[in-house]
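Subject: Structure handover

Hello,

Here is the structure we talked about. Please open it first, then read the notes below.

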Amino acid sequence: MKLTVIGTGYLGAVHAACMAEIGHEVLGVDIDEAKTAALAAGRTPFYEPGLQELLTRGTASGRLRFTTSLREAGRFGGLHFLCVGTPQRPDGLGADLRHVDAAVDGLAPHLIPGALIVGKSTVPVGTAERLTARLRAAGAPEAHLAWNPEFLREGHAVMDTLRPDRLVFGTGSRLAENVLREVYAPLIRSGVPYVATDTATAELVKMAANSFLATKISFINAMAEVCDAAGADVTVLAHAVGYDHRIGRSFLNAGLGFGGGCLPKDIRAFRARAAELGVGPAVAFLAEIDEINLRQRRRTVELATRLAGGELTGRRIAVLGAAFKPESDDVRDSPALAVAARLHREGAVVRVHDPQAVDNARAACPQLDYAARVDKACEGADVVLHLTDWAEYRALDPDALTPLVCRPVLLDARNSLDPDVWTRAGWRYAALGRLGAPAQPSSDTPAQPSPDAPDQPSPDAPVQPS
Ligand code: UDX
């Protein structure tokens, strides 16, 4: 089939490459000329495992092309996937739909009769209906709209697109559903289930799924706080609770919490939309999910302060990890970078390492020092902070780092390093929610975050890491 992908950011670039991979003829469209030129030359503009190979194959075969022209896109065929970004509004609540609206407005005059626009971006429920009216007003009365939300995770985007857990087709008609079944036929044939529904339900499925995932993470982080107070171990607790098949073990990794371009903004946008619909109280708990999540950043800073001797000024802190999660170079709302920036603001000398995200981190936080290698980041460190769960860090040999640091003190804020290995090597091992956390706050530890912190903590939130 011939199809276009409007918006070649993270979601769109992966979708375009995967659609070409399963045999479609794809035109990717973006207003960013530099990005379009890079993609057309077969180069990925960001780090995502497996994407480069698909892009190279797609562009070489001629099945995958890129343009900046919406006019060309409209003429290309009758099927258009909308993959533009829906960032958080500057006021912090609600999604900014400017790019979605602009794409639809720009495409409308060029659409061929009967064209189908399929939204993939994460949007507030009701967006498809609103865009349908917009299309009509823009003079494309014969165009149709459907919603087909995307559930891919960064770092696993290619596999998540080619082998998703499920497909969701939100369409207003059997015709549109049939088109989507044809697009995804190779996936459906290989056993991927699909759910066909209306557009509002499809839009809500995405919001509900991300809210549930965020809730799971904050739930286990709340348990971590209780474990710290009770002298228990949250990693064992998660393991035991996760055996219950009604609960499941995944997304129960306690630690520094969630970040990135999706979960934080989506739960805020969901709250805003629910309030508009008059059902704000139904999802009011998401405010607490957000707050528990941000509190993990403050707990990490406070624990690091305590491990540094109760005072950060002049202390050298090695930060392992800047990306919001492993296998990604994305630092949007990265908990790791927020903690590093806070430590720096409070007077510490912070040196950050990340296997992929240093360039993006430097652009976002130029005030921090960066190291190309873990050993360089750790030189002279009073405390080593493990903030992003890269496999490379799990393979570290503490014996090799001991002679480099000033004091062998590790805070494993992702709970994924082996406490036995580190303590056997003579390190003091601390974590969030495990027995290794220091028992009592020292009296001279600053308990409150600075008011200009990037992660917007509420000033009255309790800060009791252990
Ligand atoms: C998420 C959803 O998983 C995906 O379905 C949706 O399409 C987009 O949003 P993503 O943001 O790429 O994907 O990352 P994800 O793997 O969900 O992790 C989100 C954050 O939660 C990361 O910061 C990660 O470190 C953190 N996390 C995840 C935990 O802190 N604990 C866990 O157990 C799992």
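Helices (H or I, at least four residues) and strands (E, at least two) are DSSP runs, numbered from the N terminus. Two points on reading the model. Residue numbers start from 1 along each chain, following the sequence as written. The model is predicted, so local features need pLDDT of at least 70 and side-chain atom pairs count only at pLDDT 80 or more, while totals for chains, interfaces and linings use all residues.

Domains

The domain assignment gives domain 1 (2-197), domain 2 (206-286) and domain 3 (296-431). Such bounds come from an automatic or database domain assignment. The centres of domain 1 and domain 3, taken over C-alpha atoms, are 37 Å apart. Five residues from domain 1 and seven residues from domain 3 make the contact (C-beta atoms, placed from the backbone, within 7 Å).

UniProt records

An unreviewed UniProt entry places the feature "binding site" at Asp-30, Lys-35, Thr-86, Thr-122, Glu-154, Lys-265 and Arg-332. These positions spread over 303 residues of sequence, and in space up to 24.3 Å between C-alpha atoms. UniProt positions use the numbering here, feature names are shortened, and annotations may be inferred rather than shown by experiment.

Sheet

Six strands form an open sheet with parallel pairing, in the order β11-β10-β9-β12-β13-β14. Its edge strands are β11 (369-370) and β14 (428-431), each pairing on one side only. Strands pair if DSSP finds at least two bridges between them. Strand β9 (residues 316-320) and strand β10 (residues 349-353) pair over five bridges. In that pair, Arg-316 stands opposite Val-349. Helix α14 (residues 335-345) packs on the sheet, touches β9 and β10, and makes about 160° with the direction of β10. Axes are lines fitted to C-alpha atoms, for helices over the stretch in contact, with angles from 0 to 180 degrees between N-to-C directions.

Best wishes

Terms used
Contact = placed C-beta atoms within 7 Å.
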